Amino acid sequence: QVQLVESGGGLVQAGGSLRLSCAASGSIFSINAMGWYRQAPGKQRELVAFSISGGTTNYADSVKGRFTISRDNAKNMVYLQMNSLKPEDTAVYYCNTDARISIVSTTRRYWGQGTQVTVSS
């Protein structure tokens with residue numbers, strides 16, 4: 001199995017910055033993609049950003065120009081640098097990865113437990 005642990009959430013004022021980190025561990029054979037989702041109270045979980053192995057990245061329109069996703073493939077880690085934060089960015093942020101645990105396994109999506117980000121106005 002694959003475990004994901006997020007860190008770096010917290011309380012920040014509007015206009016501030018936070019950097020989220022996520023470490024993947026366990027029986028990892030290969031990782032196809034890593035990304036971040038978020039879920040605000042009363043809303044559905046939504047994609048924030050993802051990074052496909054090979055370099056392609058994609059962002060939600062609401063965070064383009066403010067958030068940057070990056071990876072350390074040697075450490076199986078993904079980061080989310082969040083700048084110019086807004087109160088509407090308040091949510092639980094979840095890390096995920098599409099990974100294989102062996103050469104014969106299929107790709108599965110794994111999720112972290114989430115980290116709270118609160119942006120005060």
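Analyst: A salt bridge is a side-chain nitrogen of Lys or Arg within 4 Å of a carboxyl oxygen of Asp or Glu. This is a predicted model, in which local features need pLDDT of at least 70 and side-chain atom pairs count only at pLDDT 80 or more, while totals for chains, interfaces and linings use all residues. Residues are numbered from 1 along each chain as its sequence is written, and side-chain values use heavy atoms, with hydrogens and water left out.

User: How many salt bridges does the structure hold?

Analyst: The structure holds five salt bridges. One of them pairs D89 with R66, with the closest N and O atoms 2.8 Å apart. D89 lies in the loop between strand 8 (77-82) and strand 9, and R66 in the loop between strand 6 (57-59) and strand 7 (67-72), so the pair ties together parts that are 23 residues apart in sequence. Strands here are DSSP runs of E with at least two residues, numbered from the N terminus.

User: Are D89 and R66 buried or exposed?

Analyst: Both D89 and R66 are buried. Buried means under 20% relative accessible area, exposed means over 50%, and partly exposed lies in between, with a 1.4 Å probe and protein chains only.

User: What does E46 pair with?

Analyst: E46 forms a salt bridge with R38, and their closest N and O atoms are 2.7 Å apart. E46 is partly exposed at 37% relative accessible area, whereas R38 is buried at 5%.

User: And which residue meets D98?

Analyst: The side chain of D98 meets that of R109 in a salt bridge of 2.7 Å, N to O. This pair links distant parts of the chain, with D98 in strand 9 and R109 in strand 10, eleven residues apart. D98 is buried, with a relative accessible area of 16%, and R109 is partly exposed at 39%. Salt bridges that share partners also join R38, E46, R66 and D89 into one network.

User: Changing topic: which cysteines form a disulfide?

Analyst: C22 and C95 form a disulfide, with their sulfur atoms 2.0 Å apart; the term covers a pair of cysteine sulfur atoms within 2.5 Å. C22 is in strand 3 (residues 18-26) and C95 in strand 9 (residues 91-100), so that the pair links distant parts of the chain, 73 residues apart. The structure holds one disulfide.

User: What is its handedness, and are the two cysteines buried or exposed?

Analyst: The link of C22 and C95 is left-handed, with -80° about the S-S bond. C22 is buried, with a relative accessible area of 0%, and C95 is likewise buried at 0%.

User: Which residues touch the most other members of the largest nonpolar core?

Analyst: They are W36, V48, F67, L80, M82 and Y93, in a core of 29 residues. A nonpolar core is a set of buried Ala, Val, Leu, Ile, Met, Phe, Trp, Tyr and Cys residues joined through side-chain atoms within 4.5 Å. Elements that give two or more residues to this core include strand 3, strand 4 (30-39), strand 5 (46-52) and strand 9. In soluble globular proteins, nonpolar side chains tend to be buried together.

User: What is F67 in contact with?

Analyst: Leaving aside neighbours within four places in sequence, F67 is in contact with residues including R38, V48, L80, M82, D89 and Y93. Contact means heavy atoms within 4.5 Å.

User: What about I52: where does it lie, and which residues is it in contact with?

Analyst: I52 lies in strand 5 and is partly exposed at 35% relative accessibility. Leaving aside neighbours within four places in sequence, I52 is in contact with N32, A33 and R71.

User: Which residues have a positive phi without being glycine?

Analyst: Among them are N76, with a phi of about 55°, and S84, with a phi near 50°. Most residues other than glycine have a negative phi. N76 is found in the loop between strand 7 and strand 8, and S84 in the loop between strand 8 and strand 9. N76 is partly exposed at 23% relative accessibility, and S84 is partly exposed at 41%.

Conventions. Helices (H or I, at least four residues) and strands (E, at least two) are DSSP runs, numbered from the N terminus.
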